Amino acid sequence: ESDFSSSANANVKYEKSWEACKKTCSTEDWAAKCSSTTCGGSLHWKQCFNVSHTVQRPYYVTYGEAGKEAWKSGEACRPNAEILSNSDVLAHAGNLGIVAIACASVGQLLLLGYVFMNGKRDMKPFLLGSLGAFMCCWIFLLASWWVFADALEQTTQMLVMHDSNTGAVWAHGKFKDIVENTGSFSFGFAIGAWLCVTATIAIIAQHLSASGKDGSVFPLRDPDHAILVP
């Protein structure tokens, strides 16, 4: 057809051509063959480029020994060390996050103790302890965030499924390019938690600045002093 590449839904036919080819050739090979052919219409080269650019990954791959088992069957969840060369860095980020959770738990318990016992005794040390624990949580969350963000920029190799879905290959490049610059939803949770802890610290600090010597906005109740009803 004289206007094949520029006709409606022509891109679907180009995509099906890549689908049919990907099990026997690489995306680069398909793009080279597509560009070298002559098809009607003014958008042939653009159609070839659009398909190859969309499906091509921003990293290069290497193959293992032919016929050798690349991935053993078994559990779906595996240690990162089995598939990732910079797994140690991710472990550090995770450990920092665990310490942050422990600090937040201590801060929350101290804060609850302050809320329930406030006005009955001097609970200012509990409030100060809660503030300190949340500040430690803030620091460790920030460190975990920074370590993972730095890991995204590191060059690594990772075992991934090939575009053809017929086997595993080693992907080489920046970690963010291999995981599509996201990592996982836990990265977003860490950022959100850090922002929430920042607000918590600000509220506790404001409460301390407005409270009395005992850490309470209201004076202590004297159990031995009778309150008269007017």
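Helices (H or I, at least four residues) and strands (E, at least two) are taken here as DSSP runs, numbered from the N terminus. On that basis the protein has seven helices and three strands, and reading along the sequence gives the pattern α-α-α-β-α-α-β-β-α-α. The model is a predicted one, with pLDDT of at least 70 needed for local features and 80 or more for side-chain atom pairs, while totals for chains, interfaces and linings use all residues. Residues are numbered from 1 along each chain as its sequence is written, and side-chain values use heavy atoms, leaving out hydrogens and water.

Of the 230 residues, 30% count as buried, meaning under 20% relative accessible area, with exposed set at over 50% and partly exposed in between (1.4 Å probe, protein chains only).

Now to helix 2. Its buried residues are Thr27, Trp30, Ala31 and Cys34. These cover an arc of only 100° around the axis, so they sit on the same side of helix 2; the arc is that of the directions from the helix axis to the C-beta atoms. An α-helix has 3.6 residues a turn, so residues three or four places apart point the same way. Lys33 and Ser36, on the other side of helix 2, are exposed. The cover over the buried residues of helix 2 includes helix 1 (10–21) and helix 3.

How do helix 2 and helix 3 cross? The axes of helix 2 (residues 27–36) and helix 3 (residues 44–55) come within 9 Å and cross at roughly 175°. Axes here are lines fitted to C-alpha atoms, for helices over the stretch in contact, and angles run from 0 to 180 degrees between N-to-C directions. The two helices are therefore roughly antiparallel to each other, a label for angles over 145 degrees. Helix 2 brings Thr27, Trp30, Ala31, Cys34 and Ser35 to the contact, and helix 3 brings His44, Trp45, Cys48, Val51, Ser52 and Val55.

Then there are the nonpolar cores, sets of buried Ala, Val, Leu, Ile, Met, Phe, Trp, Tyr and Cys residues joined through side-chain atoms within 4.5 Å. In the largest, with 19 residues, Phe148, Met158, Val160 and Phe175 touch the most other members. Helix 5 supplies the largest share of this core, four residues. Apart from it lies another core of 15 residues, including Leu131, Phe134, Trp194 and Leu208.

Key:
Parallel < 35°, antiparallel > 145°, perpendicular 65-115°, else oblique. Contact = heavy atoms within 4.5 Å.
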